[in-house]
Amino acid sequence: MDQARISWKFHLMAAFAVLIGLYPLMYFIIDVDFGLLSTKSVDLLENHAWQRAFYLHIAFGGISLLTGWFQFVSKWRNQWPKLHRRLGYLYVSSVIISGISGFFVSWNATGGLIASFGFGSLSILWLLFTSLALWLAIKRQFELHRKAMIFSYAATFAAVTLRLWLPILVPVYGDFIPAYQVVSWLCWVPNLIFAWWLVKKRPEAQDTGKASAVKFIES
(Lines give C-alpha, C1' and ligand atoms only; values in the text may rest on other atoms or scores of the structure.)
Protein backbone atom coordinates (compact mmCIF):
# COMPACT_ATOMS: atom_id res chain seq x y z
CA MET A 1 0.00 0.00 0.00
CA ASP A 2 1.26 3.46 -0.91
CA GLN A 3 2.12 5.35 2.25
CA ALA A 4 0.22 8.35 0.82
CA ARG A 5 -3.00 6.33 1.10
CA ILE A 6 -2.74 5.89 4.85
CA SER A 7 -5.95 7.41 6.15
CA TRP A 8 -6.56 10.52 8.19
CA LYS A 9 -7.68 8.20 11.02
CA PHE A 10 -4.20 6.75 11.25
CA HIS A 11 -2.54 10.16 11.08
CA LEU A 12 -4.81 11.45 13.85
CA MET A 13 -4.10 8.42 16.03
CA ALA A 14 -0.36 8.76 15.45
CA ALA A 15 -0.40 12.49 16.22
CA PHE A 16 -2.20 11.96 19.52
CA ALA A 17 0.07 9.03 20.39
CA VAL A 18 3.22 11.09 19.84
CA LEU A 19 1.86 14.17 21.62
CA ILE A 20 0.66 12.30 24.72
CA GLY A 21 3.59 9.87 24.56
CA LEU A 22 5.95 12.81 25.02
CA TYR A 23 3.76 14.45 27.67
CA PRO A 24 5.35 12.56 30.62
CA LEU A 25 8.56 14.50 29.97
CA MET A 26 6.82 17.48 31.57
CA TYR A 27 6.79 15.67 34.92
CA PHE A 28 10.57 15.35 34.82
CA ILE A 29 11.28 18.99 34.04
CA ILE A 30 8.53 20.89 35.90
CA ASP A 31 7.86 21.41 39.61
CA VAL A 32 6.39 18.53 41.63
CA ASP A 33 3.01 20.32 41.76
CA PHE A 34 2.55 19.85 38.02
CA GLY A 35 -0.56 18.11 36.70
CA LEU A 36 -2.01 15.19 38.63
CA LEU A 37 0.67 15.47 41.33
CA SER A 38 -0.97 18.68 42.51
CA THR A 39 -3.94 16.59 43.73
CA LYS A 40 -1.81 14.25 45.87
CA SER A 41 -1.13 14.52 49.60
CA VAL A 42 2.30 15.49 50.89
CA ASP A 43 2.65 12.08 52.58
CA LEU A 44 2.02 10.26 49.31
CA LEU A 45 4.41 12.51 47.36
CA GLU A 46 7.11 11.72 49.92
CA ASN A 47 6.51 7.97 49.64
CA HIS A 48 9.53 6.74 47.66
CA ALA A 49 7.86 3.49 46.54
CA TRP A 50 4.88 5.41 45.17
CA GLN A 51 7.17 7.95 43.51
CA ARG A 52 9.13 5.22 41.71
CA ALA A 53 5.94 3.48 40.60
CA PHE A 54 4.42 6.74 39.34
CA TYR A 55 7.44 7.74 37.28
CA LEU A 56 7.89 4.22 35.91
CA HIS A 57 4.21 4.18 34.94
CA ILE A 58 4.20 7.48 33.06
CA ALA A 59 7.63 7.02 31.45
CA PHE A 60 7.07 3.53 30.08
CA GLY A 61 3.43 4.28 29.33
CA GLY A 62 4.71 7.08 27.11
CA ILE A 63 7.10 4.68 25.38
CA SER A 64 4.27 2.23 24.73
CA LEU A 65 2.24 4.99 23.09
CA LEU A 66 5.19 6.10 20.97
CA THR A 67 6.10 2.61 19.75
CA GLY A 68 2.67 0.96 19.39
CA TRP A 69 1.10 3.03 16.64
CA PHE A 70 3.97 2.32 14.23
CA GLN A 71 3.12 -1.39 14.27
CA PHE A 72 -0.27 -1.03 12.58
CA VAL A 73 0.91 -0.21 9.05
CA SER A 74 1.30 -3.43 7.09
CA LYS A 75 3.68 -1.89 4.55
CA TRP A 76 6.10 -0.86 7.30
CA ARG A 77 5.81 -4.28 8.97
CA ASN A 78 6.65 -6.05 5.72
CA GLN A 79 9.40 -3.64 4.72
CA TRP A 80 11.17 -3.64 8.08
CA PRO A 81 10.32 -6.93 9.85
CA LYS A 82 13.29 -6.74 12.22
CA LEU A 83 12.31 -3.24 13.31
CA HIS A 84 8.74 -4.47 13.79
CA ARG A 85 9.92 -7.24 16.11
CA ARG A 86 12.27 -4.99 18.06
CA LEU A 87 9.66 -2.30 18.51
CA GLY A 88 7.20 -5.02 19.46
CA TYR A 89 9.44 -6.30 22.24
CA LEU A 90 10.05 -2.71 23.38
CA TYR A 91 6.29 -2.10 23.39
CA VAL A 92 5.53 -5.27 25.35
CA SER A 93 8.32 -4.58 27.87
CA SER A 94 7.06 -1.01 28.33
CA VAL A 95 3.48 -2.17 28.85
CA ILE A 96 4.55 -4.73 31.45
CA ILE A 97 6.54 -2.16 33.43
CA SER A 98 3.90 0.57 33.09
CA GLY A 99 1.01 -1.81 33.73
CA ILE A 100 2.45 -3.29 36.92
CA SER A 101 3.53 0.09 38.29
CA GLY A 102 0.20 1.59 37.19
CA PHE A 103 -1.69 -1.06 39.12
CA PHE A 104 0.31 -0.11 42.23
CA VAL A 105 -0.33 3.60 41.63
CA SER A 106 -4.07 2.93 41.20
CA TRP A 107 -4.35 1.96 44.85
CA ASN A 108 -4.01 5.64 45.73
CA ALA A 109 -5.85 7.07 42.73
CA THR A 110 -7.39 10.51 43.06
CA GLY A 111 -11.12 9.93 43.46
CA GLY A 112 -10.98 7.03 45.90
CA LEU A 113 -12.26 3.50 45.33
CA ILE A 114 -14.21 4.24 42.15
CA ALA A 115 -11.11 5.57 40.40
CA SER A 116 -8.91 2.88 41.95
CA PHE A 117 -11.11 0.11 40.58
CA GLY A 118 -11.32 1.84 37.20
CA PHE A 119 -7.60 2.32 36.71
CA GLY A 120 -6.76 -0.98 38.40
CA SER A 121 -9.04 -2.86 36.02
CA LEU A 122 -7.45 -1.07 33.09
CA SER A 123 -3.97 -2.11 34.25
CA ILE A 124 -4.97 -5.76 34.57
CA LEU A 125 -6.66 -5.92 31.16
CA TRP A 126 -3.78 -4.02 29.55
CA LEU A 127 -1.32 -6.59 30.86
CA LEU A 128 -3.54 -9.52 29.86
CA PHE A 129 -4.15 -8.39 26.27
CA THR A 130 -0.49 -7.55 25.75
CA SER A 131 0.74 -10.83 27.23
CA LEU A 132 -1.75 -12.70 25.05
CA ALA A 133 -0.53 -10.84 21.96
CA LEU A 134 3.08 -11.75 22.77
CA TRP A 135 2.21 -15.42 23.35
CA LEU A 136 0.31 -15.57 20.04
CA ALA A 137 3.26 -14.04 18.19
CA ILE A 138 5.61 -16.61 19.72
CA LYS A 139 3.17 -19.32 18.60
CA ARG A 140 3.18 -17.69 15.13
CA GLN A 141 -0.58 -17.23 15.19
CA PHE A 142 -0.17 -13.84 13.59
CA GLU A 143 -3.79 -13.08 12.72
CA LEU A 144 -4.87 -13.62 16.32
CA HIS A 145 -1.75 -11.76 17.46
CA ARG A 146 -2.82 -8.68 15.50
CA LYS A 147 -6.30 -8.83 16.96
CA ALA A 148 -4.93 -9.07 20.50
CA MET A 149 -2.67 -6.12 19.72
CA ILE A 150 -5.67 -4.06 18.68
CA PHE A 151 -7.13 -4.62 22.16
CA SER A 152 -3.75 -3.97 23.77
CA TYR A 153 -3.25 -0.66 21.99
CA ALA A 154 -6.86 0.34 22.68
CA ALA A 155 -5.95 0.03 26.37
CA THR A 156 -2.70 1.92 25.79
CA PHE A 157 -4.65 4.69 24.06
CA ALA A 158 -6.58 5.29 27.31
CA ALA A 159 -3.79 7.75 28.13
CA VAL A 160 -4.99 9.82 25.17
CA THR A 161 -8.74 9.47 25.66
CA LEU A 162 -8.39 10.36 29.35
CA ARG A 163 -6.94 13.71 28.34
CA LEU A 164 -9.64 14.23 25.74
CA TRP A 165 -12.52 13.45 28.10
CA LEU A 166 -11.31 15.21 31.25
CA PRO A 167 -11.55 18.82 29.94
CA ILE A 168 -15.14 18.02 28.93
CA LEU A 169 -16.15 16.29 32.16
CA VAL A 170 -14.73 18.81 34.64
CA PRO A 171 -17.07 21.65 33.47
CA VAL A 172 -19.98 19.19 33.28
CA TYR A 173 -19.55 18.06 36.89
CA GLY A 174 -18.19 21.36 38.14
CA ASP A 175 -15.49 19.59 40.12
CA PHE A 176 -12.36 17.59 39.34
CA ILE A 177 -13.00 14.61 41.66
CA PRO A 178 -16.29 13.29 40.21
CA ALA A 179 -15.00 13.99 36.70
CA TYR A 180 -11.89 11.95 37.45
CA GLN A 181 -13.96 9.11 38.87
CA VAL A 182 -15.97 8.93 35.65
CA VAL A 183 -12.93 9.25 33.39
CA SER A 184 -11.20 6.38 35.22
CA TRP A 185 -13.69 4.14 33.38
CA LEU A 186 -14.64 6.27 30.38
CA CYS A 187 -11.03 6.55 29.20
CA TRP A 188 -10.81 2.81 28.41
CA VAL A 189 -14.17 1.02 28.34
CA PRO A 190 -15.30 2.66 25.04
CA ASN A 191 -11.82 2.01 23.62
CA LEU A 192 -12.17 -1.73 24.19
CA ILE A 193 -15.72 -1.72 22.84
CA PHE A 194 -14.40 -0.04 19.70
CA ALA A 195 -11.58 -2.58 19.49
CA TRP A 196 -14.14 -5.41 19.72
CA TRP A 197 -16.24 -3.79 16.97
CA LEU A 198 -13.16 -3.27 14.81
CA VAL A 199 -12.14 -6.92 15.10
CA LYS A 200 -15.66 -8.30 14.64
CA LYS A 201 -16.66 -6.09 11.70
CA ARG A 202 -13.96 -7.52 9.46
CA PRO A 203 -13.89 -11.13 8.23
CA GLU A 204 -10.97 -13.42 8.87
CA ALA A 205 -8.01 -12.60 6.65
CA GLN A 206 -5.25 -14.70 5.19
CA ASP A 207 -1.95 -14.19 7.01
CA THR A 208 -0.44 -12.03 4.27
CA GLY A 209 0.81 -9.25 6.50
CA LYS A 210 -2.33 -7.19 5.81
CA ALA A 211 -4.86 -8.18 8.45
CA SER A 212 -8.29 -6.92 7.48
CA ALA A 213 -9.03 -5.36 10.86
CA VAL A 214 -5.92 -3.25 10.51
CA LYS A 215 -7.00 -2.04 7.06
CA PHE A 216 -9.60 0.12 8.82
CA ILE A 217 -6.89 2.60 9.76
CA GLU A 218 -5.04 2.27 6.48
CA SER A 219 -7.87 2.96 4.06
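1. The side chain of Thr67 comes within 2.8 Å of the backbone oxygen of Ile63. That is a polar contact (a pair of N or O atoms within 3.5 Å; within protein, one must be able to donate a hydrogen and the other to accept it, and residues adjacent in sequence count only if both atoms are side-chain atoms). Bear in mind that this is a predicted model, where local features need pLDDT of at least 70, side-chain atom pairs count only at pLDDT 80 or more, and totals for chains, interfaces and linings use all residues. Residues are numbered from 1 along each chain as its sequence is written, and side-chain values use heavy atoms, with hydrogens and water left out.

2. Is Thr67 buried or exposed? Buried, at a relative accessible area of 7%; the cut-offs are under 20% for buried, over 50% for exposed and partly exposed in between (1.4 Å probe, protein chains only). Leaving aside residues up to four places away in sequence, Thr67 touches Leu87, Leu90 and Tyr91, with contact meaning heavy atoms within 4.5 Å.

3. Thr67 sits in helix α4, residues 48-68. Helices here are DSSP runs (H or I, at least four residues; strands are E, at least two), numbered from the N terminus. Other buried residues of α4 include Trp50, Phe54, Ile58 and Leu65. At the N-terminal end, Asn47 is the cap, with a side-chain oxygen 3.0 Å from the backbone nitrogen of Ala49.

4. The length of α4 checks out: its 21 residues should span 30 Å at 1.5 Å a residue, and the end C-alpha atoms are 30 Å apart. The expected span is 1.5 Å times one less than the number of residues.

5. Now for the surface. Leu113, Ile114, Phe117, Trp185, Val189 and Ile193 make a nonpolar patch of about 590 Å². Patch residues have over 30% relative accessible area and no salt bridge; like charges are joined within 9 Å and nonpolar side chains (Val, Leu, Ile, Met, Phe, Trp, Tyr) within 5 Å. A salt bridge would be a side-chain nitrogen of Lys or Arg within 4 Å of a carboxyl oxygen of Asp or Glu. Helices α7 (112-138) and α11 (189-201) each give two or more residues, and α7 has the largest share, with three. Ile193, in α11, counts as exposed because its relative accessibility is 51%.

6. As for the whole chain, there are 12 helices and zero strands. Of its 219 residues, 46% count as buried.

Conventions
Areas by Shrake-Rupley, 256 points an atom, 1.4 Å probe, with all protein chains shown as cover.
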